[in-house]
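Dear colleague,

Please find the structure below, handed over for your study. My notes on it follow directly after.

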Amino acid sequence: MNYFSVLQALFVLVSVNVVVSGHVCGFEFCPKTKSNAINVHLVPHSHDDVGWLKTVDQYYYGSKNNIQQAGVQYILDTVVEELLKNSKRRFIQVETSFFSKWYSEQTGTIKKAVKKLVAEGRLEFAGGAWSMNDEAAVHYQSVIDQFNLGLKFLKDTFGACARPRIGWQIDPFGHSREMASIFAQMGYSGEFFARMDYAEKNTRLSTLTMEMIWKSSVYLKNSEIFTGLLYRHYGSPPGFCFDIHCTDDPIIDGNSYDNNVNKRVDDFIAYLTTMSKSFRANHIMVPMGDDFQYEDAEVNFKNMDKLIKYVNNRQMEGSKFNVFYSTPSCYLNELHQLLQSWPNKTEDFFPYSSDTHSYWTGYFTSRPTQKRFERDGNHFLQTVKQLSTLANLTSAEHIKALSNLRQAMGVMQHHDAITGTEKQAVAHDYDHMLFKAINGANNNARDALRVLTNLTSGEFQSCLELNISVCAITQSSANNIVVTLVNPLAHTSSQYVRLPVRKENYQVTDENGREVPSELVPVPLEILALQHRSSVTQHELVFKANVNKVANFYIRVLPFPRKKNDSNNAQTIPISKNDSDEFTLENSLVKLVFNNRTGLLKTIEMNGVTENIHQSFAIYKGFRGNNGLAENRSSGAYVFRPDGDIELPNYKTTFSIYNGNNVKEVHQHVNDWISQVVRIYEAVNRVEFEWLIGPIPTDDGVGKEIVTRFTSTLSSNGSFYTDSNGREMLERKRNQREFFKPDMTEEISGNYYPVTSQMYIQDEHKRITLLNDRSQGGTSLKDGELELMLHRRLLNDDAFGVGEALNEEQFGTGLIARGKLFLILNAVPENPACTERLTQQELHLPFYKFFSQANTVPSIVQHMIPDFTDFPESIELLSLEPYSTNKILIRVENFNSCGGIQSFNMHTLFKTLRGRQIWEVTLDGNMPLRHMKRFKFYPDGTGIIPSSVNYFSTPHKPMNANYTMDVSEFIVTMLPMQIRTFIIRQD
């Protein structure tokens, strides 16, 4: 009988009566433990990267095994077969993207058997998101989305029994406080991970602090979550890897000269004895697995069965160890029953260092164009989700296209995707996957806008090359073009719009036929000189748009020149240099002073504050070594390790000044591969720096890491602040950590932190904030100074697995990257960084532009546009999307950390969205909030030792209303930084 026949036979035997009622599944199926023993929870698992050395599909199907032996479909095939043989066996599955693909290929009989395994807790989902996301470079909006995607699949497929209870973040390279907060808001009871700074881990091992209570928010109630560090990474104990890809001896228990049972048991007990000394409880968790293990799961389980049997037999000889198959949630449940206190944790676990010379802070910036493309993907996803909801797109084709984009973005959150730590071929595959998904979902946007406007045959094209001032629809002519702007935010917003055009005379009008002032700005010469840029458009048309949710603007070319004094259309005029030492750009809100010799920034005046701020570019040379010893560690995709002091580039600065009515720019040419535009807009209270870097030269045999520095006179006292995944801000102290004394041999890279959205420094009077357009590494190495790494090109691998140097090329030369930074100078209020948070939302989700050809400006179908006027200013729309048939999901956030409690009524919005019923759900959107019940643990120092187990539930009464109820039932009250999520059932 062949393998598949055996498998089918097993499934037939176990498939009787697999329907399990909701109250049965849960901890009832956890293994029994012994109070007078050290209980050892063996957790079989396979860590399956959603792309890294091979592409997602190569990993799933098991191709390209010359690169890495890995085939996820075979892992799941054989694991399920082995679980069905023995009801005591357990396995945890993490990456829902792989599992959903595998499950879709199974027969009905197999699916039925898998449902039984899930219902009985024998196959447990941990984490449960589409991928195991990174925690440094990701934005919280995208993390929430990919958990929504993964957990919805599990709920729809298996019901409530499949919902994970713990986070299993075993491989990300450092851990953020916001990720812990997300787990808590989803109702998870704990999380486990494997990577921690080696100096901190050594401290915790010796002080019984490997497991702790992490207070994940300074604003949210009930934000504490149990957090545990695995003892020895996430692999099996040394010598006990029973996988077919390992070389450790199996357990030989027959009548054989090679019988090794006693030796193997002695070794395992010795390991457990040492391990147990680092943990407080009489329970310890031992992972059994590693990357892409269990392709032939019979080998793994057969040897683990023997290990459990023979170790437990030693109890008759006085052994204190009780070993059994288990899962992380069963382990956590036992800890919860112990009624003891645990150490405290309040900050995060960045940066991560694995040895004296290896700070994993390079990946904060690695592959900067891919990091930006991921942000573009999120921008488009949020836009398409909203448009699909408003236009009620329900066809199978529309649902599939939106699902593909969601899935592509879920993959992009993976800890080897957004991080830039994958092989180059895999990076290309990620880009292709996301590009294809965006193009497919563009049909959704087009069809929705044809419903939401009266332009029923509009093309509604999106342009993915606007970052190099290219758009196909405006390349030959921008005459009779309709620009449709979609505002993903809840509130009406005013923003400047830039479109690549030829140098002609233009008129821009809004939907009411009113002319909108506009002007032409030249595209920087460095952009025009790009080899791969084929467009002939050499200017950008700039106008200010005011948009509620959707707005149209009509552009036409005038047949005659404008009058010189016509303010509705102007060209920014280059300003001639003079003999003075400085020159000024100034509008009603911002004044910039530049050095007239170098063209570099000297002083900024805004918000009633003036400060000398000097911006510069600088270079770190990447260390090159053979990686044999720690001191020979190279700078690579993961690790940032500079070789020597920072160096200034060979400045050959030239500059041009353009002074328009609404936009004023300084174009700075630093050298042959660094240039920048410094820009201010009328009535916009920030300074924009649009940088262009590359190809980074390496002909001298040296890899380089490019940073920009902003130097001021602020007395920042060794402190600076960075965001946690775009949400709360954390204070960083130079050369210091919360819990331990760090090894600062690598002082520069050891002070780098992830900057997802913003960072700032301040003293008693002033604050300087930088906001960015993608994840980057940032620091403040001196008081008054902010530094962000923009681009990296290196010639050596750092020997942490990827096996390639981070030497990106495109079009036969080094990669060129372009991006934006934004600076705000402000007086320090009582609560810092509140005004900047408003700006951050607008920069993260600006207007999305669509283009059509038409002879007149179309109008909006207003009755289909929801009304958000009841939302207070600090209440933002985080998600508005189709959830399932006749259901939509809406997620709102009080993002102002400085404001008080905000209340508003959702009834008007509910009616606009044709609501019949509304109920509140957990952050991911897949469990009614009233069902939240997660473990409550007590931190050391509180003096509280509970007499019985306690739980966290929702800190407020969850909304549950319908269209027949009074308007007062739709009031939503939100604390600062609170997120609330709702499902609306429509008619």
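Asp-171 and Arg-195 are joined by a salt bridge through their side chains, with 2.7 Å from N to O. The term salt bridge here denotes a side-chain nitrogen of Lys or Arg within 4 Å of a carboxyl oxygen of Asp or Glu. The two residues stand 24 residues apart and link distant parts of the chain: Asp-171 is in the loop between β4 (166–169) and α7 (177–185), and Arg-195 is in the loop between β5 (190–193) and α8 (198–207). Helices (H or I, at least four residues) and strands (E, at least two) are DSSP runs, numbered from the N terminus. Asp-171 is buried, at 5% relative accessible area, and Arg-195 is likewise buried, at 12%. For these classes, buried means under 20% relative accessible area, exposed over 50%, and partly exposed in between, with a 1.4 Å probe and protein chains only.

Please note that this is a predicted model, in which local features need pLDDT of at least 70 and side-chain atom pairs count only at pLDDT 80 or more, while totals for chains, interfaces and linings use all residues. Residues are numbered from 1 along each chain as its sequence is written, and side-chain values use heavy atoms, with hydrogens and water left out.

The count of salt bridges comes to 52. As background, side chains of opposite charge can pair when their charged atoms come close. One of these bridges is formed by Arg-280 and Asp-940, whose closest N and O atoms are 2.9 Å apart. Arg-280 belongs to the loop between α9 (261–276) and β8 (283–291) and Asp-940 to the loop between β49 (938–939) and β50 (950–952), so this pair ties together parts that are 660 residues apart in sequence. Arg-280 is partly exposed at 32% relative accessible area, and Asp-940 is partly exposed at 24%.

Another bridge, with 2.8 Å from N to O, is made by the side chains of Arg-372 and Asp-376. Both residues sit in helix α12 (residues 368–390), four residues apart, which is a separation of about one helical turn. Arg-372 is partly exposed at 26% relative accessibility, as is Asp-376 at 28%. There is also a network of salt bridges that links Arg-498, Glu-540, Glu-665, Arg-679, Glu-688, Glu-690, Arg-818 and Lys-820.

I turn now to the disulfides. With a disulfide taken as a pair of cysteine sulfur atoms within 2.5 Å, the count comes to three. Cys-30 and Cys-330 form one of them, with their sulfur atoms 2.0 Å apart. The torsion about their S-S bond is about -85°, so this disulfide is left-handed. Cys-30 lies in the loop between α1 (3–14) and β1 (38–47) and Cys-330 in helix α11 (residues 328–337), so the pair ties together parts that are 300 residues apart in sequence. Cys-30 is buried at 9% relative accessible area, and Cys-330 is buried at 5%.

A disulfide also joins Cys-241 to Cys-246, with 1.8 Å from S to S. This link is right-handed, with 50° about the S-S bond. Cys-241 is buried at 11% relative accessibility, whereas Cys-246 is partly exposed at 24%. The sulfur atoms of Cys-463 and Cys-471 are 1.8 Å apart in a further disulfide, and both of these cysteines are buried.

With kind regards
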